[in-house]
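Please look over the structure below.

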Amino acid sequence: MDQESSTTAYSPPPPPPGGCQVRCAGCHNILSVGQGVTEFVCPNCRLPQMLPPELLPLPSAPAHGIDPTKIQLPCAHCKAILNVPHGLTRFNCPQCNFVLSVDLSKISRPPPWQHQQFTPPPPLPPPPPEEVNEVAMEVEREEDSGGVVGETFTDYRPPKLSIGPPHPDPVVETASLSAVQPPEPTYDLRIKDDLESSKVLSCLQIETIVYASQRHLQHLPDGTRAGFFVGDGAGVGKGRTIAGLILENWQHERRKTLWISVGSDLKFDARRDLDDVGAMFIEVHALNKLSYSKLDSKSVGVREGVVFLTYSSLIASSEKGRSRMQQLVQWCGPEYDGLIVFDECHKAKNLVPEAGSQPTRTGEAVLEIQAKLPDARVIYCSATGASEPRNMGYMIRLGLWGTGTSFLDFRDFLGSLERGGVGALELVAMDMKARGMYLCRTLSYKGAEFDVIEVPLEDNMMDMYKRAAQFWTKLRMELLSASAILTSEKPNSSQLWRLYWANHQRFFRHMCMSAKVPAVVRICSEALAKDKCIVIGLQSTGEARTEEAVTKYGADLDDFISGPRELLLKFVDENYPLPEKPESLSGDDGVKELQRKRHSATPGVSYRGRVRKAARLQDESDVESDLESESDSDPDCVESDDEFQICDICNSETERKKLLQCSCCKQLMHPACLVPPVVGAVPADWSCHSCKEKTEEYLQNRRVYLAQLLEWYEKAEERKSQILDAVRSLDLPNNPLDDIIDQLGGPDKVAEITGRRRMLVRSSDGKGVTYQARNTKDVTMEMVNMHEKQLFMDGQKLIAIISEAGSAGVSLQADRRAINQKRRVHLTLELPWSADRAIQQFGRTHRSNQASAPEYRLLFSNLGGERRFASIVAKRLESLGALTQGDRRAGPSLSAYNYDSAYGKRALVKLYKGLLEQESLPVVPPGCSTEKPDTIQDFIEKGKAALVSVGIIRDGIVKESVVGDKEPVKLSGRIVDSDMHDVGRFLNRLLGVPPDVQNLLFELFVSILDLLVQNARLEGHFDSGIADMRANTIELKGTPKNVHMDHLSGASTVLFTFTLDRGFTWEAASVLLDEKRKDLSASSSNGFYESKREWLGRRHYLLAYEGSAGMYKIVRPAVGEAVREMPLSELKDKYRKLSSLEKARTCWQNEYNISSKQCMHGPNCKLGDYCTTGRRLQEVNVLGGLILPVWGIIEKAITKQARESHRRLRIVRVETTTDNKRIVGLLIPNAVVNSILKDLAWVQDIDD
């Protein structure tokens, strides 16, 4: 039986006579417990537990598991009985991990079983057991999760301005942002008349200019001028808006502007935008073409106009140490109050990076120039300016944190947002709009198509990938073996493994891209046949690998370069651990060299360690000269002042000239004392027999050792050479960019808009390829991308390939002004690392003034590990939509691929512990069956082996079989703590596992994740972002109250109180059922149902009708239609169908009427009037308008709530049914309204 259906369909039997019913501490199902039973095991989740204290019979002896030396207390969450040591006031429940605190003042005496004699007290009447209303629990979960937001976008028109023509294309705003009104416009445009007559700017663009100029008149509490954030989506026309702002400031005699963007090519777009708004007289100066001299000097001559620069220029400096930053600040001057435009300002992100990394120089430079020019009019401009709150660190002129706010600094602001979840991010966007510092509209995606296409690996690619994965595993073992013989002089191995895993990831990403090339070529051919044109987006071009290969092999090659092969060759060649190559010692040179070293090391010590007698004490100042004379080879020079010296062998004194001196040990000896005696003259470097023997013995050993080292070195070199040969023999794919261009007809058919300067092109005769420059004689390298773009827009080339480096700001849409107006098919071959880049790339083909919207095709291979890249982007897309557009569903949805979340981390821990057999897997692995435990064990062993091969399980040990070959071989090992929660590392390493095992492991991970998310939804813990408050009638109660005013913008925080009637009348239910029965294919199970059990003497009723995929939609009298559909098995287990329509009508109307005054828990509900579970008539309080200024007060109040779902921030959307007034704000639990108003201490009724 399927695990999910078996869980949801479980229904408890009626309680036995004298028994009771309790909720399981593990799975929360209702259990029936027989009379006298105090300890039991849940039949569903197998959790051992005992009755709560109020249902326990008073024992005459200590119960099993009770420690009489401790206090017995029930857990407030799971009701388990805990043994608590005396004096312990705070701890975690060992069963459910709930944080508990003990009020010792309320514990007057120990329980009766803790008395030494264990005598029971006089019998007291037991309190009535609290009935667990299963239906109430279901309804409570429904209410906690809220409804689903219907429309994500609404059509946008400026609400308070009517200047200018409508925008040429449909523009939308997210539903949540549309519920917030901007401040009243008070700024009077100087260029208003010109704009109205020329109609060069739309009403949207003029609105932005008005609000930005109005915001620039304000100053923040710290004295700096307030800034403005233009968050319009790609293609809305931010360039023209900026040009209009520059023109407006020019009319106010502010003649200097800094325009900072991502690429120097965009200078031409800036010039075009200024010309379009009639500002031909304003010059644009490209900073990269100017010297580092003062800009207003005679040699440079820039007195006024727009200085256009890139973020790279902002951090540049000359060889003489003069920086562009100094140059710009000097040109502007300390009193500068002109514009600084941070175009595509997402480039400045990572100013406040995650732990362990450093802030980027770009982010620091953006912060620095704002600090040095405090009165400048700052514009932040980007469709993706804040893909997550951490990346807002450079937006200091918005005034969201710091002096005069609820947050001390940016880190305080960041911490509060991260605690608040995605709902908090949505509030930030709404707050910024309400305060007049932010506008965000986007082109309607109506007509645009998004499709995620999974591309299965072809057989040859599957085989290629499998062999590559096996090779990387063998390479890892080779590197481990080679590293073991290295000496300590070599660099530590951590650097080697960092490079190994970085190249491992890059290699398999190349493989994933290459796997999609056939699908790209096929889709392109189909699109061209349908008279469409194609834009292919990727991130990397592989130019570095190509250049290295051309350097090695020459510019004329047999075939295109294989990026993966070159990457692997480079890694092995540069990083294979080799021992030091030994130095050779040969013949007499070795003896002399060794003697010289010995002599210089111990010049005055004999071989036996005895210091020779000195004829006289030397003065300290004479040491140097005597040592110098000692090294001289002239025998006369070594003679001391004394005529006699002692022989070191016979110890007799004799004339110095009759003694021989060893050049090695420096001992003096008679020629006759030596054995054999020395006869005749000796050379100056003569050495005694003893030294000669020792030296030769040492050298002999040294030669043996060096020979061994040389053998090791040569073997390592040979092994390295064999590995390189093995890499060369691997069948690996070509560079995807070159491969695609070649298969689609070559450079004559494909426009390349990338950052690379040269490319490989197939020869005209089809034999071999040549490395050549991308530009021709007629086109400079600087203009080659602009030229290629124009060929595509003119229809001379119908396929364009773009990379991030080459396409920033480029417009490739089906522009009505262009010759090529064919519909664009935008293929994403390589998904960018971040949502910022994904949105930027999507925006190349979806822009204003287009004849048709593009078709987006996001390609993924069917490898589980490749979803790593989708996971990163999905995470950013989700928060990007939430933050910059007020609704996380605003961007193209890839949420199905978001694995790197809190639930993903928990799923990974359960996967690892299951494979290590520390606990059982929560789901049955794919391809396995509970009826065949051997299949599960086999899966676990395969999974462990895979994780050992990619280094996640460390210290892997094979456990020998005890019974012989019949027992399977078992692996054991450990996973370090830092890896246990690292989803990114798991998905990265998974790429290096053979495809079959890779996909099985990934499928298991996703199954566990789905289970955790499903449980979180059922328990009401899942953060679903903005939720609709659903009801038949929603009316505003009384007058909204102003609870806070922002003095800078005049925006306020307002408390709204609504009354909701959520009920579903009998008449409406009957009509609905009749409509469903008219359908001849309608299910026979459609109809009215009553609960099989009673609660507080009554049953609950519902209408069920077939929905989708065998699930049933549920409608209740008190709360209307439920969000969650119910499987038929669960419906029949918990409810029975009513045959009498009259009984159904009476009971339905009865429940409808009762629910108007009380909740489902009955008159004795713990929360009293504050509880709204299942109550038809509800009072709801929503805090709208500005939330950030009162954030701290709200956060403090809601953390004290009893219900867990009330302790988290919940953003809701309420639309009144009488006048369709829409409010988006923070849902305030009724119980805390008074305390929040008291803390704010400033309430004012709003007349209108």
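## Around Leu400

Leu400 touches Met392, Thr405, Phe407, Phe413, Val428, Met432, Arg435, Met437 and Leu1188, with residues up to four places away in sequence not counted. Contact here means heavy atoms within 4.5 Å.

This is a predicted model: local features need pLDDT of at least 70, side-chain atom pairs count only at pLDDT 80 or more, and totals for chains, interfaces and linings use all residues. Residues are numbered from 1 along each chain as its sequence is written, and side-chain values use heavy atoms, leaving out hydrogens and water.

Leu400 belongs to the largest nonpolar core, which has 74 residues. Phe342, Leu400 and Ile1194 have the most contacts inside this core. Helix α11, residues 410-434, gives the most to this core: 12 residues. Another core, of 72 residues, lies apart from it and includes Phe508, Ala907, Ile940 and Leu1009.

A nonpolar core is a set of buried Ala, Val, Leu, Ile, Met, Phe, Trp, Tyr and Cys residues joined through side-chain atoms within 4.5 Å. Buried means under 20% relative accessible area, exposed over 50%, partly exposed in between (1.4 Å probe, protein chains only).

## Ser416 in helix α11

Ser416 lies in helix α11. Ser416 counts as buried because its relative accessibility is 3%. Beyond its neighbours within four places in sequence, Ser416 contacts Phe407, Trp1191 and Glu1195.

## The whole protein

The protein has 34 helices and 47 strands. These are DSSP runs numbered from the N terminus (helices: H or I, at least four residues; strands: E, at least two). Of the 1248 residues, 51% are buried.
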